[in-house]
Amino acid sequence: MNWISSRSRNRQFSLREVLFHGLAPDGGLFMPTNFPDISPNAKGESLPQTALEFLRPYFSPDIPEDELGNLLKEALNFDIPLRKLSDSIYVLELFHGPTLAFKDVGARTMAGMMDYLYDGDEPLTILAATSGDTGSAVASAFLGREKFRVVLLYPSGKVSKVQEQQLTTFGQNVTALEIDGNFDDCQKLVKQAFSDPEVRKSVNLTSANSINIGRWLPQAVYYVHCWQQFNQQNSGDNKPVVSVPSGNLGNLAAGLVAKRHGADFEKLIGACNANATFRDFIKTDKYRPRSSVRTLSNAMDVGNPSNFERIDEMYSGDTNTIRKHVGSDSFSDAKTLEMIVRIKEEFNYLICPHTAVGFAALFESSTFAEKNHPGIVLSTAHPAKFGDVIEQALAEPVPLPEVLKNAVNAEKQSVLMKADYEAFKAFLM
Ligand SMILES: *Cc1c(COP(=O)(O)O)cnc(C)c1O
């Protein structure tokens, strides 16, 4: 497979270039030159086996098949179960990885691929500005891999206690920089480092951010796995509608890749919080990016979702077909809290605020509510990661799973730093 930019088909790139550059030179997002012929088995195998069959046409022979199989076994060593709440409602639990959010799937697969393909003499430094799930998923995925060092920048006092403990207790090849500033300051420092020739000359840098092909494309695998589990649990041909809590739209765009390869969903729904850029595009045909606003489902607070460009490219800008395949809706924080209460009361099941937006969108979808298609909500994070919001909704504390207990009890190790580029540069070099 060769790769192109979403902005031009003129130049082709190798898997190695695509993985280590992240973004195309013209600012576009990398895409495969074509969608290969893959027809996943409707009944399914194990998750790593499904992953290998699905990803082989994309990533082999750059990564030989046996190597790819091994790294997928190691990356996807946890379950992604489809849990049935009622005859018509299912949840795909994507939060059983080591950092309890769906970002583990992409981050772990990318880390395995980079580890195989990186052949530089010096260690590769992975820089990530983070306000939550991304940093811990990336750090956990690269932890203990000797060819890499991970530097996380997070805004002091602006991430939750549990998230801060997760970010600052890895040790080994991971350093957490606690920046005296906000998330934008962290991002600015990272950008400055990438455009500083002096730094680039002496330090090998990469960003490993969420638009990287190595993180993005493997997410299609759990949609196939979901479809297979749904087929095992159901007979008949009433196709499910899938609600996807959405921010930067990587998850949703990966679902559309799986649909193209035969995971036969009736429709996907991009479930948005108050950051409704995508909902407005689906309703009006106009893509109008805006600044993000803060909500309770903060991993979805994105006003200009990067992966919109991927969706647009996949459909060659044909909005009518996009609309046939994808719906979208937007919900307030009040609705988010209401859903957490409703799902607890109706099904005795705890959901995180992002998943709650997914439920709200499912219940509002006419495909589910009027045409009676069964519904699947992707659960993107474990509720205990957002205990303060759950407590606000239910007035009762959420029990911490073992891994979070360990993180909360471990000693915080961070390097405090002003939001000052010279200090950051000195640290990097
Ligand atoms: C990142 C994240 C999202 C948004 O996913 P995108 O792929 O950016 O749309 C939703 N929920 C949780 C918990 C996340 O961490």
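User: Before we start, what do I need to know about the numbering and the pLDDT limits?
Analyst: Residues are numbered from 1 along each chain as its sequence is written, and side-chain values use heavy atoms, with hydrogens and water left out. As this is a predicted model, local features need pLDDT of at least 70 and side-chain atom pairs count only at pLDDT 80 or more, while totals for chains, interfaces and linings use all residues.

User: OK, cores. How many residues does the largest nonpolar core have?
Analyst: The general idea: a nonpolar core is a set of buried Ala, Val, Leu, Ile, Met, Phe, Trp, Tyr and Cys residues joined through side-chain atoms within 4.5 Å. Buried means under 20% relative accessible area, exposed over 50%, and partly exposed in between, with a 1.4 Å probe and protein chains only. Here the largest core has 93 residues, and those with the most contacts inside it are Trp3, Phe59, Phe142, Tyr223 and Phe278. Helix H10 (residues 219-233) gives the largest share of this core, 8 residues. A second, separate core has 35 residues, including Leu85, Leu100, Phe331 and Val398.

User: Let's zoom in on tyrosine 223. Which residues does it touch?
Analyst: Contact means heavy atoms within 4.5 Å. Not counting residues up to four places away in sequence, Tyr223 touches Val242, Val244, Asn251, Leu252, Ala254, Gly255, Ala258, Ala263, Phe265, Leu268 and Leu378.

User: A few of those sit in H11. At what angle do H10 and H11 pack?
Analyst: Axes are lines fitted to C-alpha atoms, for helices over the stretch in contact, and angles run from 0 to 180 degrees between N-to-C directions. H10 and H11 pack at about 55°, with their axes 8 Å apart. Angles under 35 degrees count as roughly parallel, over 145 as roughly antiparallel, 65 to 115 as roughly perpendicular and the rest as oblique. H10 and H11 are therefore oblique to each other.

User: Is that crossing left-handed or right-handed?
Analyst: A crossing is left-handed if the near helix is turned anticlockwise from the far one by less than a right angle, and right-handed if clockwise. H10 passes H11 in a right-handed crossing. Gln219, Ala220, Tyr222, Tyr223 and Val224 make the contact from H10, meeting Gly250, Asn251, Leu252, Ala254, Gly255, Val257 and Ala258 of H11.

User: What does that contact have by class?
Analyst: Ala, Val, Leu, Ile, Met, Phe, Trp, Tyr, Cys and Pro count as nonpolar, Asp, Glu, Lys and Arg as charged, and the others, Gly among them, as polar. The H10 and H11 contact has 8 nonpolar, 4 polar and no charged residues.

User: How many residues of H11 are buried?
Analyst: 10 of the 11 residues of H11 (residues 250-260) are buried, so H11 is largely enclosed by the rest of the structure. Lys259 is one of the buried residues. Just after H11, glycine 262 takes a positive phi of about 110°.

User: What about H6, and what covers its buried residues?
Analyst: 7 of the 8 residues of H6 (residues 161-168) are buried, so this helix is also largely enclosed by the rest of the structure. Among the buried ones are Gln163, Glu164, Gln165 and Gln166. The cover includes helix H5 (133-142), strand S7 (148-155), strand S8 (174-180) and helix H19 (402-409).

User: How do the axes of H7 and H20 cross?
Analyst: The axes of H7 (residues 183-194) and H20 (residues 421-428) come within 10 Å and cross at roughly 60°. H7 and H20 are therefore oblique to each other, and their crossing is right-handed. Leu189, Val190, Gln192 and Ala193 of H7 make the contact with Tyr421, Phe424 and Leu428 of H20. By class, that contact has 6 nonpolar, 1 polar and no charged residues.

User: Last topic, the backbone. Which residues does a cis peptide bond join?
Analyst: Serine 60 and proline 61, with omega about 5°. Proline 61 lies in the loop between helix H2 (47-59) and helix H3 (65-75).

User: And is serine 316, with its positive phi, buried or exposed?
Analyst: Serine 316 has a phi of about 45° although it is not a glycine, and at 69% relative accessibility it counts as exposed. Its place is in the loop between helix H13 (308-314) and helix H14 (319-325). Asparagine 372 has a positive phi near 60°, and is exposed with a relative accessible area of 53%.

Key
Helix = DSSP H or I, 4+ residues; strand = E, 2+ residues; numbered from the N terminus.
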